[in-house]
Amino acid sequence: MEITLALGGGGAKGNSHIGVIRRLEKEGFIIRSVAGTSFGGIVAIFYAAGYSPDDIQKIFEDVDQGRLYGRDPEDGPSLLGISGVRKLLNHVVGGKTFDDLRIPCAVTAVDVKSGDEVIISKGTLVDALLSTTALPGIFPVQRMNGWELVDGGVLNPVPVSVARMLSPNLPVVAVILNDPMDKPVPTYTIPMPQILPRSIVERISRMNFAQSLDIFLRAVDVSSRAVAHFRLELDKPDVLIRPAVHHINLLDKVVVADVAMLGEQATEEMLLQIKRAVSWPVRISKKIFGAIQ
């Protein structure tokens, strides 16, 4: 039972991807390729590099989530730095490139100079990961090959088209973390480094700047939902899994195991549809029917 995966972006919600992959493997599905955007890109590359779902969960559990967003001198203009993120990625994948992966994998980013989607499937993994996760304005723009790259979710929140490109003859199982269009939009707060005293953190959260950022991020959330909805209507994955992660914000501190379990539960609910999608007679008949039409 072979499939290809498209893992969507969603910040801390992306820990649910771990549970999705774990449940698929337990059921006997073979993941032949994987595409990812943003946090989905991190899970995609880690998995393609040979880390099991349990390994990936352990990596994220061991991370001090409060120290991910410090600044390094090389960080460009942004609200938050990526010092801790860079150290994590260097520790996990080091100097590896896409040539070192065990299965085909690609992640997406957006060039803010041209406005084009950029599919990254060559070069160093760390550069690709920093590019696909560069939330506009929140994290620094990543410069590569003349591009100025930001988070791939800007244009393709769930990279179904990329997964299909990697394995054209396999069903695409897509995982979406964006809230449905009819869900209330949550409020957002700035994640503060743990080194700051609580009194300063509380004072910053009451500033006009923090309140303005909340409005900005809510607007981005609404836009991202719409883009995801229309892209999925266009790209039409064979199966769509939607973990119940709507209560989690992009940069929340979370219990990784709990979020991963939400992915397992959502996958369990879709197992029948996934098994139908990998049935060759069904897939062949669909192609023939479509040709006749």
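How many helices and strands does the secondary structure of the protein chain come to?

**Figure 1. Overview of the protein chain in a predicted model.** The secondary structure of the chain comprises 11 helices and eight strands. The chain has 293 residues, of which 52% count as buried. Contacts between residues at least 6 apart in sequence were also examined, and 76% of these join residues at least 24 apart.

**Figure 2. Close-up of helices α1 and α3.** Helix α1 spans residues 16-26 and helix α3 spans residues 53-61. Their axes come within 9 Å and cross at roughly 160°. An angle over 145 degrees counts as roughly antiparallel, and α1 and α3 are therefore roughly antiparallel to each other. The crossing of the two helices is left-handed. On the side of α1, the contact is formed by Ile18, Ile21, Arg22 and Glu25, while α3 contributes Pro53, Asp54, Ile56, Gln57 and Phe60. Sorted by class, the residues of this contact are five nonpolar, one polar and three charged.

Figure 3. Ile82 is located in the loop between α3 and α4, the latter covering residues 83-93. Is Ile82 buried or exposed? A residue under 20% relative accessible area counts as buried; Ile82 has a relative accessible area of 4% and is therefore buried. Beyond the residues up to four places away in sequence, Ile82 touches Leu68, Gly70, Asp75, Leu130, Phe139, Pro140 and Gln142. One of these residues, Leu68, is 14 residues from Ile82 in sequence, and the C-alpha atoms of Leu68 and Ile82 are 6.4 Å apart in space.

Figure 4. Thr133 belongs to the loop between α5 (residues 125-132) and β5 (residues 142-144). The relative accessibility of Thr133 is 13%, so this residue counts as buried.

Notes: Residues are numbered from 1 along each chain as its sequence is written. This is a predicted model: local features need pLDDT of at least 70, side-chain atom pairs count only at pLDDT 80 or more; totals for chains, interfaces and linings use all residues. Side-chain values use heavy atoms; hydrogens and water are left out. Axes are lines fitted to C-alpha atoms, for helices over the stretch in contact, and angles run from 0 to 180 degrees between N-to-C directions. Helices (H or I, at least four residues) and strands (E, at least two) are DSSP runs, numbered from the N terminus. Angles under 35 degrees count as roughly parallel, over 145 as roughly antiparallel, 65 to 115 as roughly perpendicular and the rest as oblique. A crossing is left-handed if the near helix is turned anticlockwise from the far one by less than a right angle, and right-handed if clockwise. Contact means heavy atoms within 4.5 Å. Ala, Val, Leu, Ile, Met, Phe, Trp, Tyr, Cys and Pro count as nonpolar, Asp, Glu, Lys and Arg as charged, and the others, Gly among them, as polar. Buried means under 20% relative accessible area, exposed over 50%, partly exposed in between (1.4 Å probe, protein chains only).
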